[in-house]
Amino acid sequence: MKYRSGLLHAALAILLFLPVPAMATEAGWALLREGGQVVLVNEAYSLATGRHASEDIENCRTQQTLSDRGRQQAGKMGALFYARSAPVELVLTSKHCRAQETASIAFRDSKIEVFEPLNELSADEELQAHQIEATISRIQEYGGSGNLIMVSHPSNIAALTGVTPRPGEAIVVMPADNKLTIAARITFN
């Protein structure tokens, strides 16, 4: 009996010192296994950060691209979705090449479509509001049995959720009125 009590105390001590993101990640995987969730995915690591004036959305050669680390991160993301039995019904992505590359590496066996409201937020406030509204509307309309993945950019995800995601981070969201609540966060390092 004394041995069991000692094990219980040791297990509780370990649980208390586990990082919160690890627990949040496990809760996220549990939700994703059930399906029917909407997941905002931040693009994986890229070669540069920030927006560049010379970036042409129609030409990948003028845009930031994923780094080797970013491609590995996207591959890990897809492998974990598969290994954790998280069904993917549809992947919507920004038109930016680094977001499309993240989507195509991570979810290569899934249906992938460009959804322009996921493009980097416009500098124009009116267009920004339209992007956010269109994205929330698409999330509210979703009713599939698999998970809807939306690959976008830090500024978009921050505007939608109030948190700035890490590269490649996934945020499971649920609609509440005309805003989103965060159900879980999953990191892919």
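**Exercise 1.** In this predicted model, find what covers the buried residues of helix 4.

*Solution.* Start with the residues themselves: helix 4 spans residues 97-106, and C97, R98, A99, T102, A103 and A106 are buried there. Next, look for their contacts. The cover includes helix 3 (68-83), strand 2 (88-93), strand 3 (112-114) and strand 4.

**Exercise 2.** Which residues of helix 6 are buried, and why do they line one face of the helix?

*Solution.* Helix 6 runs over residues 154-161, with N156, I157, L160 and T161 buried. Now look down the axis of helix 6: the buried residues fall within an arc of 110°, so they line one face. An α-helix has 3.6 residues a turn, so residues three or four places apart point the same way. Then turn to the cover of these buried residues, which includes strand 1 (38-42), helix 5 (125-141), strand 4 (147-152), strand 5 (170-176) and strand 6 (179-186). Past the end of helix 6 comes G162, with a positive phi near 90°.

**Exercise 3.** Describe how helix 5 and helix 6 pack, and name the residues that meet.

*Solution.* Two packed helices are described by the angle between their axes and the distance between the axes. For helix 5 and helix 6 the angle is about 70° and the axes are 10 Å apart. An angle from 65 to 115 degrees counts as roughly perpendicular, so helix 5 is roughly perpendicular to helix 6. Their crossing is right-handed. At the contact, Q131, I132, T135 and I136 of helix 5 meet N156, A159 and L160 of helix 6. Sorted by type, the residues of this contact are 4 nonpolar, 3 polar and no charged.

Methods:
Residues are numbered from 1 along each chain as its sequence is written. This is a predicted model: local features need pLDDT of at least 70, side-chain atom pairs count only at pLDDT 80 or more; totals for chains, interfaces and linings use all residues. Side-chain values use heavy atoms; hydrogens and water are left out. Buried means under 20% relative accessible area, exposed over 50%, partly exposed in between (1.4 Å probe, protein chains only). Helices (H or I, at least four residues) and strands (E, at least two) are DSSP runs, numbered from the N terminus. The arc is that of the directions from the helix axis to the C-beta atoms. Contact means heavy atoms within 4.5 Å. Axes are lines fitted to C-alpha atoms, for helices over the stretch in contact, and angles run from 0 to 180 degrees between N-to-C directions. Angles under 35 degrees count as roughly parallel, over 145 as roughly antiparallel, 65 to 115 as roughly perpendicular and the rest as oblique. A crossing is left-handed if the near helix is turned anticlockwise from the far one by less than a right angle, and right-handed if clockwise. Ala, Val, Leu, Ile, Met, Phe, Trp, Tyr, Cys and Pro count as nonpolar, Asp, Glu, Lys and Arg as charged, and the others, Gly among them, as polar.
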